[in-house]
Amino acid sequence: MELCYRWRIACTLWSCLEVVCFAGIIYGWGSLVFILKEEGFYSENCRDASPSSNVSLIPGSVYNVSVIDIHNQSIDLSNRTLACDEQEEKLNLCFSIAVGVMYSGLAIVGQLSLRLGTRITRIIFTFLYSVGFLCIAFATKENPWLLLPGLSFISIGGATVFCTTLQVANLYTTIQTTIVALLSGLFDVSTIMQHLIKVAYEHGISRKHSYLFFCGLGIVIFNVQTFVFLPKDHVRRQPCDSQKPAKSQRPTNETDTSKALLEKEKDVSDESRRTVVQNADDRLITHILSFGYITHTVWMSVSVLLFVSFIGLLNTWLSTMSNDSKIVSYYLDVFAYATMSTSVTAIIAGFAYDWQRNRFRGSAIPERYFRPVCFPMAMCWLFGTLSYLLPLVFDSLYVVLPVFIMFTFYRSFLFAIGIAFVTEAFPVKYFGVLYGTIMFSVGASSLLQYAFFAWSKSYDSAFTHVNIALLTIAILTCYQPIVLWIRGGIPKSTPDNDINNMELIINPPKSEKC
C-alpha cells in the first residue's frame, strides 16, 4: 500500500512543499522580467528605435545607462529617457504564450492521467519541467528564443504538479474542500520563488546559478512525491477512522445507541449518494454538456483572463504612476510578499464554501450542488471588481496596497472555489478530464491578455481605456452566482433511486460482532 494512505499527514505536508516551491512559479513573471530587462533581452529593438517610431521622449535624470531600465522600460538617449514599448511587448508575448500553453495543455494532462495514471504522467512532465528550468538558465541576450520553450515547459510542468497533487484532498473526507483551498493558496504563494531569484540576482547571484539550483531541488522533491507518496494510479477516497465501525464495542445506553444510529444513517446516506451517481447517466460527455459545467467553464475563462491581465499589466500600471525605479521596485516587492498570504486567504475561501455546503446539506440535489457556491463566487466577483475599480477612481500610489489586498483575495477565491466546485458537483473519476477541459478553455481566453497589453501601449490614454474594458468584463462576471442560485431553485425530476426518495432502514447493532 502506498504511503499516502498510512502517512497522510506526511504526504500532505510534502505536497504543500512541492506546490509552494514549484507549481505556480510562472506567475512570478513580474520578478523574472525585471532580471531579463536588466540583462538586455530584446534591447536591440530599443536601440534601433527612433523618436518618430511609436516611442516617446521623457525628461529624466538617468545618465550613463547602457541597458534597459527595468521599471519604466526605457534606455538613456542623450540625457533623455526613451520609452521602449517594443522590448516589453516581446517579453510579454512570451509570458502570454506560456500561460496559454499551461492552461491548454491541462486538457492533455487530464487525458494522460486518466489513461496512464498519476505516476507515468508525473514522470513525463517532471522531465519537461527540468528542461524548462535549463532553458531559462542558459538563455542569454544573444539566444533569447530559449525563453519561450523554457517558460512554456515550467508553466505546464507546474500545472501538472498542482493537478496531480490535488488528489491528496481525497485522503480527507471531512475537510476535503479546505485541503483543496490550501493547495490553491500555496499555488499562488509559489510566485515568491521568482522573487527570491530576483533578490539573489540583486545580491550578485546570477540567474543561471539560481535556476540550476531550483532545477536540482525540483528533481529531488518531484521524485519523492512520485515514487514514495503518491500511488501509481490515483488516490482513492478513504474513510476516516472515526467512521470505521468499532466491532468490539456495544452501545451501553440510549445515548450511545442514538449516536450509533446517526453514524449508521450517515454511512448509508453517503453510500446511497454514490449509488445514485453510479446508476445515473454517468458518461463523460453528459457532464461536459451539462448546464452547470458550461456556465462554470465560461466563468472561469473570463475570470482567469482578468487575473492574468492584472499580472501582465502590473509593471505598466506602476510605471504610469511613478517614473522612479526604486518606488516601482518597492511595490513589486510588496506585491510579491502579498502573494505569501494567499495560503491564508485561500483557507478563508475554503471555510466559506464548507460553511455554505453545511447549510444546504439536506437540500435537494440541484440546490445542494449549485447554491453553496453562490456566496463565495459573489465574494470573488466583488474582489475582482474592486481590483480594477480602485485604480480608476484613485490615481495615486496610496491605492496600490488596497488593490493588492483585493487582488490577493480575488485570486484565492477564484482558484479555490473554481476547483472545489468541480470536485463537489461532478464525479471524482472525471476530475482530471473536466478540470483539464476547463483549463483548455481558460488557456484559449488567456491569450487575449496580450491583446489588452498591446492595446495599452497603442496611444497615450490607452492604459486607462484598457482598465475600463477589464472593469466592465469583471462586472459582467456576476452572472454566474446569480444563474447558479436560480438554477439551484429549479426542482429536478427525481428517479426512483434518488436518495431523497429512498426509504432509509437502519438496523441497530444487535451483538458485539456488529
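This is a predicted model: local features need pLDDT of at least 70, side-chain atom pairs count only at pLDDT 80 or more; totals for chains, interfaces and linings use all residues.
Biologist: Is Asp 354 buried or exposed?

Modeller: Asp 354 is buried, with a relative accessible area of 12%. Buried means under 20% relative accessible area, exposed means over 50%, and partly exposed lies in between (1.4 Å probe, protein chains only). Residues are numbered from 1 along each chain as its sequence is written, and side-chain values use heavy atoms, leaving out hydrogens and water.

Biologist: Where does Asp 354 lie?

Modeller: Asp 354 lies in helix 15. Helices here are DSSP runs (H or I, at least four residues), and strands are E runs of at least two, numbered from the N terminus.

Biologist: Which residues does Asp 354 contact, leaving aside neighbours within four places in sequence?

Modeller: Contact means heavy atoms within 4.5 Å. By that test, Asp 354 is in contact with Thr 177 and Thr 178, once its neighbours within four places are set aside. Now look at Gln 176. In sequence, Asp 354 and Gln 176 are 178 residues apart. In space, their C-alpha atoms are 9.1 Å apart.

Biologist: With which residue does Arg 357 form a salt bridge?

Modeller: A salt bridge puts a side-chain nitrogen of Lys or Arg within 4 Å of a carboxyl oxygen of Asp or Glu. Arg 357 makes one with Asp 354, and the closest N and O atoms are 3.0 Å apart. Both partners sit in helix 15 (residues 342-359). They are 3 residues apart, so about one helical turn separates them. An α-helix has 3.6 residues a turn, so residues three or four places apart point the same way. Arg 357 is partly exposed, at 24% relative accessible area, while Asp 354 is buried at 12%.

Biologist: Which residues do salt bridges with shared partners join into one network?

Modeller: Lys 198, Glu 202 and Asp 333 form that one network.

Biologist: How many salt bridges does the structure hold?

Modeller: The structure holds 6. One of them pairs Glu 39 with Arg 207, with the closest N and O atoms 2.8 Å apart. That pair links distant parts of the chain, 168 residues apart. Glu 39 is in the loop between helix 3 (29-38) and helix 4 (44-47), and Arg 207 is in helix 10 (residues 207-229). Glu 39 is partly exposed at 23% relative accessibility. Arg 207 is buried at 6%.

Biologist: What do the side chains of Asp 333 and Lys 198 meet in?

Modeller: They meet in a salt bridge, 3.0 Å from N to O. Asp 333 lies in helix 14 (residues 325-338) and Lys 198 in helix 9 (residues 192-202), so the pair ties together parts that are 135 residues apart in sequence. Both residues are buried.

Biologist: Which residues are buried in helix 9?

Modeller: Ile 192, Met 193, Gln 194, His 195, Ile 197, Lys 198 and Ala 200 are buried there. Next, ask what they face. The buried residues of helix 9 pack against helix 2 (8-23), helix 3, helix 8 (176-189), helix 10 and helix 14. After helix 9 comes Gly 204, whose phi is positive, near 100°.

Biologist: How many residues are in the largest nonpolar core?

Modeller: It has 133 residues, and those with the most contacts inside it are Tyr 27, Tyr 103 and Trp 317. The largest share of this core comes from helix 18 (residues 400-425), with 16 residues. Such a core is a set of buried Ala, Val, Leu, Ile, Met, Phe, Trp, Tyr and Cys residues joined through side-chain atoms within 4.5 Å. Take Tyr 27.

Modeller: Ser 303 is in helix 13 (residues 291-321). Ser 303 counts as buried, at 1% relative accessibility. Ser 303 touches Tyr 410, Leu 414 and Thr 477, not counting residues up to four places away in sequence.

Biologist: How many disulfides does the structure hold?

Modeller: The structure holds 0. Cys 16 is in no disulfide, and the nearest cysteine sulfur, that of Cys 11, is 9.5 Å away. A disulfide needs two cysteine sulfur atoms within 2.5 Å. Cys 16 counts as buried at 13% relative accessibility, and Cys 215 counts as buried at 9%.
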